[in-house]
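Here is a short report on one protein structure. Keep the sequence and the model in view as you read.

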Amino acid sequence: MKVKQTAVFLYKLTMKRSRSMIKKRYGKDFWIGFKEISDGRFHKLINEYEDIGTSMFAFNYAYAPGYVAWYKTMEELGLHAHERDVLMLLMNEKMLLTVPRPLLHMVGKSYMNGMRKNSREHIRRQKNEQLHEFDWTVDYQDVDEERFTIKITDCGFIKYAKKYNATGMLPAICQVDYMIAHYMHVGFSRTQTLGAGCSCCDGCYAMHGECSWNIEQRLQERR
């Protein structure tokens, strides 16, 4: 599946999974307006969407047009900043939990091994190729057999958000990393993010571990 097709699939799946939750929180009329405006905005974004190629971050990038469409629509409909942050994370959680939790636990180790392998290849590409403007730039380091670090020094998603004046969702949307680690039962920690205006995102990953997931806590910490 090409990245543009993936972006459309993720948008439609998340909307379908989030419908009942949004209706319950804000009412049927809000949902109707949200869907109409968001669908129109997403259609425009996807028509302009650029493929970043075989990057390890292609799947991350596939979320970008949906994120921008949802966030800008929430803003247009008058949700205040904290409500927008919470709803964006709740929608992500609904999408992620389309996969049964036992299966998410099972794929955690495979997910981490893939990150290790793909990070090394991505660094090779950084040295030898001209990356797309919406791709990521990273440094990778093994800590031991259990742990490794990925330092992101340039984030394609942030550049995409800037293009469409949607940087208000940062760094709240960055908290999805903790959500994924929590449900996959892998270790993850970070002290800073580019989204919060820092010099990098300094993620530390562990093949096995636990990661707490509480939306209000993560939004307060903002890292």
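## Salt bridges

The side chains of Lys159 and Asp154 form a salt bridge, at 3.3 Å from N to O. A salt bridge here is a side-chain nitrogen of Lys or Arg within 4 Å of a carboxyl oxygen of Asp or Glu. Lys159 is partly exposed, at 26% relative accessible area. Asp154 is partly exposed too, at 31%. Buried means under 20% relative accessible area, exposed means over 50%, and partly exposed lies in between, using a 1.4 Å probe and protein chains only.

This is a predicted model: local features need pLDDT of at least 70, and side-chain atom pairs count only at pLDDT 80 or more, while totals for chains, interfaces and linings use all residues. Residues are numbered from 1 along each chain as its sequence is written, and side-chain values use heavy atoms, with hydrogens and water left out.

The structure holds 15 salt bridges. Another one joins Arg147 to Asp144, at 2.8 Å from N to O. Arg147 is partly exposed at 36%, and Asp144 is partly exposed at 32%.

## A salt-bridge network

Which residues are linked in a network of salt bridges? They are Glu121, Arg124, Arg125, Glu129 and Asp135. Take Glu129 and Arg125: their closest N and O atoms are 3.3 Å apart. Glu129 is partly exposed, at 37%. Arg125 is buried, at 9%.

## Aromatic pairs

The structure holds 20 aromatic pairs. Rings of Phe, Tyr and Trp (its six-membered ring) pair if their centres lie within 6.5 Å; planes under 30 degrees apart count as stacked, over 60 as edge-to-face, and the rest as tilted. Tyr49 and Tyr61 make a stacked pair, 4.7 Å centre to centre with 15 degrees between the planes. This pair links distant parts of the chain: Tyr49 is in the loop between α2 (28–47) and α3 (58–62), Tyr61 is in helix α3, and they are twelve residues apart. Helices (H or I, at least four residues) and strands (E, at least two) are DSSP runs, numbered from the N terminus. Tyr49 is buried at 8%, and Tyr61 is buried at 0%.

Tyr49 also pairs with Tyr160, this time edge-to-face: 6.4 Å centre to centre, 80 degrees between the planes. Tyr49 lies in the loop between α2 and α3 and Tyr160 in helix α7, so the pair ties together parts that are 111 residues apart in sequence. Tyr160 is buried, at 2%. Elsewhere, Tyr11, Phe42, Phe59, Tyr63, Tyr67, Trp70 and Phe157 form one aromatic cluster.

## Backbone details

Look at the loop between α7 (156–163) and α8 (176–184), where Pro171 is found. The peptide bond from Leu170 to Pro171 is cis, with omega near -5 degrees. Asn165 lies in the loop between α7 and α8 as well. Asn165 has a positive phi of about 55 degrees, although it is not a glycine. Asn165 is exposed, at 57%.

His185 sits in the loop between α8 and β3 (187–189). His185 is not a glycine, yet its phi is positive, about 60 degrees. His185 is partly exposed, at 34%.
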